[in-house]
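Here are some notes to read alongside the structure, written for someone meeting such a model for the first time. Please keep the display open while you go through the points.

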Amino acid sequence: MAFIKKFQQAIKDTISLSEIRETLVTNLAKFVEETQPQKVGFVAGAITAPTIEEINQNRARLVRFASHLNKQHPDCFFFSSADIFTDNVRERINSSQVSHEQWMDYWRTILNANLITDLFLTPGWKKSAGTRDEHKTAKTIGLNIHQLNYEV
């Protein structure tokens, strides 16, 4: 997860969603060029939930899936939104004030940046409007789509 640590360092003073998007695209492009992973996978699934405890559990679940996939496939790179938007980052950008549409636009832009090769959908993903939008975007641009049918 060296990329995630470097990325978090690169955005340590960032306070806007657009700056984070630009930094992610720039850093991910550099990482892909330097390391040539066989796949770059985005792990998607439901985050929104009725309570903050459930939201935190969903975020932790996405991180576990990405970590699991990275261990299973060391020649590839996997990450999730929760790897990018840690508690610190969410607080800095005041994420509760970011609209659902802004979040969907953010991830559409990332998926359309021609850096991610595969979308990995965690169980229950269809319950999430954001993940359904990511799935639709991935289909439109021709990413490989994988539905995970297990828990980690």
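1. The largest pocket is lined by 28 residues, and those nearest its centre are I47, T48, S81, H100 and W103. A pocket here is an open set of points on a 1 Å grid over the protein atoms alone, where a 1.4 Å probe fits and protein lies on both sides within 12 Å along at least five of seven lines, while lining residues have an atom within 4 Å of a point.

2. The model is predicted, so local features need pLDDT of at least 70 and side-chain atom pairs count only at pLDDT 80 or more, although totals for chains, interfaces and linings use all residues. Residues are numbered from 1 along each chain as its sequence is written, and side-chain values use heavy atoms, with hydrogens and water left out.

3. The space in the largest pocket comes to about 670 Å³, a volume being the space filled by probe spheres set on grid points that are joined across faces, edges and corners. At least two lining residues come from each of β1 (40–44), α3, α4 (81–84), α5, α6 (100–111) and α7 (129–141); these helices (H or I, at least four residues) and strands (E, at least two) are DSSP runs numbered from the N terminus.

4. Sorted by class, the lining of the largest pocket has 14 nonpolar, 9 polar and 5 charged residues. Ala, Val, Leu, Ile, Met, Phe, Trp, Tyr, Cys and Pro count as nonpolar, Asp, Glu, Lys and Arg as charged, and the others, Gly among them, as polar.

5. How many salt bridges does the structure hold? There are 7 salt bridges, each being a side-chain nitrogen of Lys or Arg within 4 Å of a carboxyl oxygen of Asp or Glu. One of them joins R59 and D87, at 3.0 Å from N to O. This pair links distant parts of the chain, 28 residues apart, with R59 in helix α3 (residues 52–72) and D87 in helix α5 (residues 87–92).

6. R59 is buried, at 9% relative accessibility, whereas D87 is partly exposed, at 49%. Buried means under 20% relative accessible area, exposed over 50%, and partly exposed in between, with a 1.4 Å probe and protein chains only.

7. Another salt bridge is formed by R108 and E101, whose closest N and O atoms are 3.2 Å apart. Salt bridges that share partners join E101, D105, R108 and D133 into one network.
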